[in-house]
Amino acid sequence: MRCPFCRYPDSRVIDSREVEDGQAIRRRRSCPECSRRFTTLEESLLSVVTRSGINKPFSRSKVIAGVSRAGQGRQVDPGAVAQLAQQVE
């Protein structure tokens, strides 16, 4: 991670904590060059690449709708479909 103060290309992680129910990581960093400290917030985003090559954000509701549509006419437990969508995510 580049230092925002002196633009040194490397930094040292001092502390890491999960925030937003594990959806992001807050890291406290220190620059070895200028000895200043700064905080970064790192988030992970799930995306799906379609057949046409377009990136779209992941949608759990689309997984549930697709599996429900595929199981139409059969006895499919909605709880099992929701659990499957959770495992996919």
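My entries follow, starting with the ground rules and then going region by region.

**Ground rules**

I am working on a predicted model, where local features need pLDDT of at least 70, side-chain atom pairs count only at pLDDT 80 or more, and totals for chains, interfaces and linings use all residues. Residues are numbered from 1 along each chain as its sequence is written, and side-chain values use heavy atoms, with hydrogens and water left out.

**Confidence**

I checked pLDDT, the predictor's confidence in each residue on a scale from 0 to 100. The chain has a mean pLDDT of 89, and 100% of its residues reach 70 or more. I noted my elements as DSSP runs numbered from the N terminus, with helices being H or I of at least four residues and strands E of at least two. Where is confidence lowest, and where is it highest? The lowest mean is 86, in helix 2 (residues 78-88), and the highest is 94, in strand 2 (residues 24-30). A reminder to myself: where pLDDT is low, predicted coordinates should not be read in detail.

**The helix pair**

I looked at how helix 1 (residues 60-70) and helix 2 pack: the angle is about 135° and the axes are 9 Å apart. Helix 1 is therefore oblique to helix 2. For the record, angles under 35 degrees count as roughly parallel, over 145 as roughly antiparallel, 65 to 115 as roughly perpendicular, and the rest as oblique. The axes are lines fitted to C-alpha atoms, for helices over the stretch in contact, and angles run from 0 to 180 degrees between N-to-C directions.

Which residues make the contact? From helix 1 I listed Arg60, Val63, Ile64, Val67 and Ser68, and from helix 2 Val81, Leu84, Ala85 and Gln86. Contact here means heavy atoms within 4.5 Å.

Then I went to Gly71, in the loop between helix 1 and helix 2. Gly71 is buried, because its relative accessibility is 13%; the cut-offs are under 20% relative accessible area for buried, over 50% for exposed, and partly exposed in between, using a 1.4 Å probe and protein chains only. I also took a C-alpha to C-alpha distance from Gly71 to Leu46: they are 25 Å apart in space and 25 residues apart in sequence.

I started with Ser30 in strand 2. Is Ser30 buried or exposed? Ser30 is buried, at a relative accessible area of 13%. Leaving out residues up to four places away in sequence, Ser30 touches Ser11, Arg12, Ile14, Arg36 and Arg37.

Arg37 sits in strand 3 and counts as exposed, with 52% relative accessible area. Arg37 and Pro4 are 33 residues apart in sequence, yet their C-alpha atoms are 9.6 Å apart in space.

Thr40 is another strand 3 residue, buried at 8% relative accessible area. What does the side chain of Thr40 make a polar contact with? The partner is the side chain of Arg29, at 3.4 Å. I count a polar contact as a pair of N or O atoms within 3.5 Å; within protein, one must be able to donate a hydrogen and the other to accept it, and residues adjacent in sequence count only if both atoms are side-chain atoms. Beyond four places in sequence, Thr40 touches Met1, Ile25, Arg26, Arg27 and Arg29.

**Positive phi**

Most residues other than glycine have a negative phi, so I flagged the exceptions I came across. Arg7 has a phi near 65°; this residue is in the segment before strand 1 (12-19) and is exposed at 52%. Ser35 also has a positive phi, near 65°. Ser35 lies in the loop between strand 2 and strand 3 (37-43), and is exposed at 56% relative accessibility.

**Last stop**

I finished at Thr50, in the loop between strand 4 (47-49) and strand 5 (55-57). Thr50 is partly exposed, at 26% relative accessibility, and its side chain makes a polar contact with the side chain of Ser52 at 3.1 Å.
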